Amino acid sequence: MNQQNIVEYIWLDGHRPAPGLRSKTRIVSLGDQPQPNDLPRWTFDGTQTQQADSHDHDCLLAPVQLYPDPLRGPGHYLALCEVLDAGGCTHISNNRAPLRSLMLNAYTELAPWLGFEQPYRAIPKATTTNTTAWPLPSAYCGIDASGNPDNHREAALAEAHLRACLDAGLLFYGMNAESTQHSRRFQVGHRGDSDDRCDALSVADDLWIARYLLERLADQFGFYIDYHQNQNGAHLHVSFSTLFTRDIRCGLNALDVIAQRLTDPAIAQPYSYGCLSEQAQQFSSGITKRTAAIRIPTQVMQQGHGYLVDRRPRADADPYELGRYLVGLMQNDDTTVVISAPTDIRTRVAMSV
């Protein structure tokens with residue numbers, strides 16, 4: 001027998017350069033193991049979300065992913081939705097649909113994976129102590145709350161977020177404190193499990209749901225979440241790999257091709273690269289160098305294949321937009337050239353460090 005389920009319909013609004021999260025709640029009757037198509041489409045007032053004008057208010061929510069709701073408990077769900085116009089066509093603000101279409105062809109050809117390292121600040125709504133500086137010179141990966149109640153609650157928020165993301169089935173694989181006050185990061189992407197669904201679309205979906213859960217929990221813990229950071233390091237780091245970069249026969253050479261394309265100033269970048277720091281404007285790559293725009297991690301160099309990290313996107317960047325840019329940029333690669341014409345990436349990249 002069907003039961004009554006609480007479903008939170010979640011979508012992205014039309015704000016630019018970075019969309020915001022919106023949601024509303026619906027009670028539906030679902031059976032066991034429901035799928036997105038089991039949920040009805042639902043309308044909302046697009047004039048309130050920068051997605052409609054005064055003459056055509058309605059937009060449609062089409063559920064595309066369904067997650068267990070870790071906060072409401074068993075039998076309740078989070079429904080990630082794409083936005084359609086009143087006629088049922090893809091809305092102009094819907095950045096997920098173009099990435100979904102791109103992945104239909106690119107997945108077989110390139111098998112592109114994404115990973116994200118998301119920075120944020122948990123700002124107390126009612127600060128209890130002086131918040132101008134941490135007692136320690138740097139709180140990077142620190143474990144000492146130094147008696148500050150705000151810091152204790154912040155650590156509790158991060159722990160609750162970790163558990164909620166795991167209970168929702170997200171590819172959450174790590175978190176840490178950052179060097180400046182109230183600043184933290186969490187990571188979403190490949191965890192080394194062969195069953196992980198790391199395709200670009202799935203991981204981008206997971207990042208949006210992780211952001212949603214963070215903001216929902218932050219309110220309960222007395223914080224609001226700030227992504228608009230201008231201090232050093234406040235960028236969304238994007239890990240990117242393809243079938244060829246993960247191939248030990250040609251991994252470093254494929255990474256070299258991608259690094260050269262990503263650091264080409266002649267190639268137009270999406271809104272999501274609209275950072276204010278000088279770092280975002282540098283077209284450089286390096287091994288282990290954490291100020292380089294494109295970084296190839298040490299372990300990737302050592303094993304001869306893997307991924308690279310693009311450190312330029314703004315902290316609140318839309319992962320769908322980034323995925324479309326990165327996958328589209330790589331889709332026309334001549335992979336036979338990558339395999340048959342190796343380059344000395346170790347020498348070339350080391351010279352740029």
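Analyst: A salt bridge is a side-chain nitrogen of Lys or Arg within 4 Å of a carboxyl oxygen of Asp or Glu. Side chains of opposite charge can pair when their charged atoms come close. Keep in mind that this is a predicted model.

Start with one pair. Arg96 forms a salt bridge with Asp205, and the closest N and O atoms are 2.9 Å apart. Arg96 belongs to helix α1 (residues 96-110) and Asp205 to helix α3 (residues 200-221), so this pair ties together parts that are 109 residues apart in sequence. Are the two partners buried or exposed? Arg96 is buried, at a relative accessible area of 5%. Asp205 is buried as well, at 0%. The cut-off matters here: buried means under 20%. Arg96 passes that test because its value is 5%.

Next comes Asp316. Its side chain meets that of Arg314 in a salt bridge, with 2.5 Å from N to O. Asp316 is buried, with a relative accessible area of 8%. Arg314 has 18% relative accessibility, so Arg314 also counts as buried.

Some bridges share partners. In this way Glu8, Asp69, Arg72 and Arg216 are joined into one network. Look at one link within it. Asp69 pairs with Arg72, and their closest N and O atoms are 3.8 Å apart. Here the two ends differ in cover. Asp69 is buried, with a relative accessible area of 2%. Arg72 reaches 32% and counts as partly exposed.

How many salt bridges does a search of the whole structure find? The search finds 15. The pairs above are among them.

Asp45, Asp53, Asp56 and Asp58 gather in a patch of negative charge on the surface. Patch residues have no salt bridge and over 30% relative accessible area. Asp58 shows how that works. Its relative accessibility is 40%, so Asp58 counts as partly exposed. Asp58 lies in strand β4, which covers residues 58-68. Gln50 sits in the loop between β3 (42-45) and β4. Gln50 is exposed, with a relative accessible area of 54%. Its backbone stands out too: phi is positive, at about 65°, although Gln50 is not a glycine.

Ala111 gives a second case of positive phi. Its phi is near 45°, and Ala111 is a residue other than glycine. Ala111 is placed in the loop between α1 and β6 (113-124).

Now take Leu21, in strand β2 (residues 21-30). Leu21 touches Ile10, Trp11, Leu12, Trp208, Arg211, Tyr212 and Glu215, leaving aside residues up to four places away in sequence. How far is Leu21 from Arg211 along the chain and in space? They are 190 residues apart in sequence, yet their C-alpha atoms are 8.5 Å apart. Leu21 itself is partly exposed, with a relative accessible area of 23%.

Pro17 is placed in the loop between β1 (3-12) and β2. The peptide bond from Arg16 to Pro17 is cis, with omega near 10°.

Asn253 is another residue in a helix. It is found in α4, which covers residues 251-262. Asn253 is buried, with a relative accessible area of 12%. Gly304 is 51 residues away along the chain, and the two C-alpha atoms are separated by 9.2 Å.

Finally, step back to the whole chain. The chain has eight helices and 13 strands. Of its 353 residues, 53% count as buried. Consider the contacts with a separation of 6 or more: residues 24 or more positions apart account for 67% of them. The accessible surface comes to about 16200 Å², and 50% of that belongs to carbon and sulfur atoms.

Note on methods: Residues are numbered from 1 along each chain as its sequence is written. This is a predicted model: local features need pLDDT of at least 70, side-chain atom pairs count only at pLDDT 80 or more; totals for chains, interfaces and linings use all residues. Side-chain values use heavy atoms; hydrogens and water are left out. Helices (H or I, at least four residues) and strands (E, at least two) are DSSP runs, numbered from the N terminus. Buried means under 20% relative accessible area, exposed over 50%, partly exposed in between (1.4 Å probe, protein chains only). Contact means heavy atoms within 4.5 Å. Patches are made of residues with over 30% relative accessible area and no salt bridge: like charges are joined within 9 Å, nonpolar side chains (Val, Leu, Ile, Met, Phe, Trp, Tyr) within 5 Å. Accessible areas come from the Shrake-Rupley method with a 1.4 Å probe; for residues, only the protein chains shown count as cover. Lys and Arg count as positive and Asp and Glu as negative; His and the chain ends are not counted. The place of a charge is taken as NZ of Lys, CZ of Arg, CG of Asp or CD of Glu.
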